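Here are my notes, as numbered points you can check against the coordinates. I've kept to a few topics and left the rest for later.

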Amino acid sequence: MCPANEIQRGALPPLVSGANRSEVFCDSVGCQVPYRIGLRSFSLLRMGWGYTSRAWLGLSRASVQRRGRRWRCAERQEVVLDPDLFSPETLTQAAEPLQRYTYESLFGGSAASESSAFSVDHQVFGNYGSLWSFFALADPSRWTMADGMTPACPSTCTLAIRAVRLLAEVDQWRNSSPARRLQQLSQLSLLFGKGDQWESLRTWVWPRLTELWKEDASWILQELTEPQRSCFDALNTGKAAEVLEAFGNGSFRPLECQGPKTWPHALIAASMRRSDEGREASSSRSLEIGRKWRLCGMPGEVMKQGFGRGFQASLLGAWAEDHGSAWEVELSLFVAPRDLCVLVDGNRLFQTHPQSYLTPWSCFMQHERRSSRSSGQGVVSYSGTVALLRCRFPTAPQGAVELTVSSTIIPLQALGWSLTGIRLCPLQPLSPGLLATGPSSSSSSSRKLVVCSEVLYSLRGAYKSTLVKHWLEYHRLIGVDHFVIYDRDGSLEEDGVLEPYIKTGYVSYFPRFSFFALSEHHDAVHALPGLPSAAAPDAQAASHCLFMQRGLTEWVSFLHSPDEYLSNKHGLRHVEEVLGVLRPLRDQGLAAVDVTAIYFTRSMHRKPQGPVRPSPWLFGRYVYRASVPIQLRDWGSPVAGFLNRFGSPLVVPERVSDLVSAHYPRPAAGTFYLDDVPMDFLRANHYGEAFHPRQIIEEDDTPVKDESILWAEEAMANLNLEPLPPGPEPAEPTSG
């Protein structure tokens, strides 16, 4: 989102109240960033414009170029595209299929609890991420080098893209026939068998694909010809392990099974059989492996620094763990240009500068007069909201340490793409004065459950202040240990409603988050009505909250606003009813729990009609709910249920680093989701009329009465709180 007129460096754009949008701001295509491969520049459209695997670009290339000529966000903004961007290490990190168990499979008495894989290629993660940008770049018909003929992505790069794309489209391929899947694997096996340099593709992507599609093994065996069967028998009589290992390291030569129509099918069947028989459980990222580090200073501090020429970097969080065999550091980085261009995606949500995740990074550690460089590193998230960087050192330091993070691209190094002075200190337990309820289990975390809000705004006046106070008190009643609250305008400090909670350590408050954590330009733009989305910085706030709470709490719940209350169909009395059930799964690698949000309204009518139920509490005024959760229409995933709903996820902070669109957590590799969680276990009651009357019930739905939470009315009354003043009412009764 950029000023459409000429940019004047060092001054804010003219923020004209009520001005026509087209006269003051251009859209995010106007904020395009020219990318360069060799001497060839082009505009890469980031996600959010309907760009999925079924429609390469929501806007045609010609349309992008026309808009680019019309709207000039800056004279020159080039992003250096590193050739190693297409390395298998980079791509496989972005395409790793995510794992899920359904609640029913684990708690419904099923004989077997098999996890299912689902991909990043669907209309939720796909539209909010940038993985598919790589696939567009790899298309030789679209992008070429300066000579206009040489593909931007050479043949080896195309092979990497092709293999990884199969992983990224695991949902779609599940709906294909076994014959088509066999054809894809057979073609890949012939390419991999040539002994080229893509060893990690053979050793990682190939076993992953054959494991995901192992149910095809019996079908393939039935389809084998006699020569193929003989080849399979040869591979399956004690030689399978060494042959597959040889295939993985590039030394495989099909001596016993001559002919490209013979050995690939046999190899695929043997790989699937071996995967099915010797599959090991996914390793989880244990929280109790060893010592931990975080940014020095108070929890939640953000490090800002000038970055290169004309950029500013915000380090939203940093975390390190001693895994025994390695010391691993993860950082959440947000980079913004200083030329007043505020980058957003097509949903008008703030985006980090693409160069921050389109480059490899190296970490340099200084400790006790000794220094060392990381042995492994990379970008581990391509959501575009933040750049998640991970660095790995062979050994952990003994105390505090100072890090420098630098781009490994020489031109960017020359431009100053380096973040220095990142001080990490060993994690210290919270002081007793900052604990709300104290530990209730043997976990090393001081807190059990912390709630993070979205970036709130306009919470002024007696009604809204009381709404916030009741929200906090109800959740303290059911066992929530701490709240982290954000706003964009400082409105929550005007009435002093949070002051007593801050003093007792129950609330951490970050006013004017865009200004505090991002930049003055983001703050100025976000203050305008409708420009951009009210939710623009929510993803950055979520990442900040997750890093802030690592090592301090077992769980983080994302309740976006004071109109959302944790409960269930029975009326949740204490969060330990839920956390106690989930804790064994957490020990096995659980990262994120699907928590359905369900709308509550005033009556059995779909449209706001009639008075609310008399009650001094918000939750007592709206006792009719939708019969179905808040769902995405014509969107979502064919496999993962939580992606078809707007929810309020519950996550393990060490295993989740960012949320896509503030609703959809992306967990670390080796962990899993708990999906399709029923509302009788846990849900978020969303009182959608709390701030203004609106129709929140779908036309084809009929509200049902639900008074399960009313047990809390008496408990809240015992706290001697002031009642909630009268809230908003419909201007005119409407029929529903």
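1. Start with the disulfide that joins Cys 363 to Cys 391, where the S to S distance is 1.7 Å. Keep in mind that this is a predicted model. The torsion about the S-S bond of Cys 363 and Cys 391 comes out at about 45°, so this disulfide is right-handed. Cys 363 sits in strand 12 (residues 361-367) and Cys 391 in strand 15 (residues 387-393), so the pair ties together parts that are 28 residues apart in sequence. Cys 363 is buried, at a relative accessible area of 0%, and Cys 391 is buried with a value of 0% too.

2. How many disulfides does the structure hold? There are three. Another one links Cys 296 to Cys 425, at 1.9 Å from S to S. Its S-S torsion, for Cys 296 and Cys 425, is about 95°, so the disulfide is right-handed. Cys 296 belongs to the loop between strand 8 (292-295) and strand 9 (303-307), while Cys 425 is part of strand 17 (residues 418-426), so the pair ties together parts that are 129 residues apart in sequence. With a relative accessible area of 23%, Cys 425 is partly exposed; the cut-off for buried is under 20%.

3. Then there's the disulfide formed by Cys 452 and Cys 545, whose sulfur atoms are 1.9 Å apart. Is the link of Cys 452 and Cys 545 left-handed or right-handed? The angle about the S-S bond is -65°, and the link is left-handed. Cys 452 lies in strand 18 (residues 447-456) and Cys 545 in helix 20 (residues 538-549), so this pair ties together parts that are 93 residues apart in sequence. Cys 452 counts as buried at 1% relative accessibility, and Cys 545 is buried at 0%.

4. Strand 18 turns up again in the pocket analysis. The second largest pocket has a volume of about 880 Å³. It is lined by 31 residues, and those closest to its centre are Glu 454, Tyr 457, Ser 561, His 686 and Arg 694. Which strand gives the most to the lining of the second largest pocket? That is strand 18, with three residues. Strand 18 and strand 24 (596-601) each supply at least two residues of this lining. By residue class, the lining of the second largest pocket divides into 13 nonpolar, 12 polar and six charged.

5. Strand 23 (residues 590-593) pairs with strand 29 in the parallel sense, over three bridges, and the bridge partner of Val 593 in strand 29 is Leu 674. Strand 6 (residues 98-102) also runs parallel to strand 29, and three bridges join them; here Thr 102 has Asp 675 as its bridge partner in strand 29.

6. What about the side chains on that strand? In a regular strand the side chains alternate between the two faces of the sheet. Phe 672 and Leu 674 point one way from strand 29, Tyr 673 and Asp 675 point the other way, and all are buried. Note that Asp 675 is among these buried residues, in case you plan to look at individual side chains.

7. Last, helix 16 (residues 461-477). It has 17 residues and reaches 24 Å from its first C-alpha to its last, close to the 24 Å expected at 1.5 Å a residue. Its buried residues include Trp 471, Leu 472, Glu 473, Tyr 474 and His 475, along with Tyr 463, Ser 465 and His 470. Just after helix 16, Gly 479 takes a positive phi of about 105°.

Terms used
Residues numbered from 1 in each chain as written. Predicted model: local features only at pLDDT ≥ 70, side-chain atom pairs only at ≥ 80, totals over all residues. Heavy atoms only, no water. Disulfide = S-S within 2.5 Å. Helix = DSSP H or I, 4+ residues; strand = E, 2+ residues; numbered from the N terminus. Buried < 20%, exposed > 50% of the residue type's maximum accessible area, 1.4 Å probe, protein only. 1 Å grid on protein atoms, 1.4 Å probe; cavity = no way out; pocket = protein on both sides within 12 Å on 5 of 7 lines; lining within 4 Å. Points joined across faces, edges and corners; volume = space filled by probe spheres on them. Nonpolar A, V, L, I, M, F, W, Y, C, P; charged D, E, K, R; others polar. Pairing = 2+ DSSP bridges. Expected span 1.5 Å × (residues − 1).
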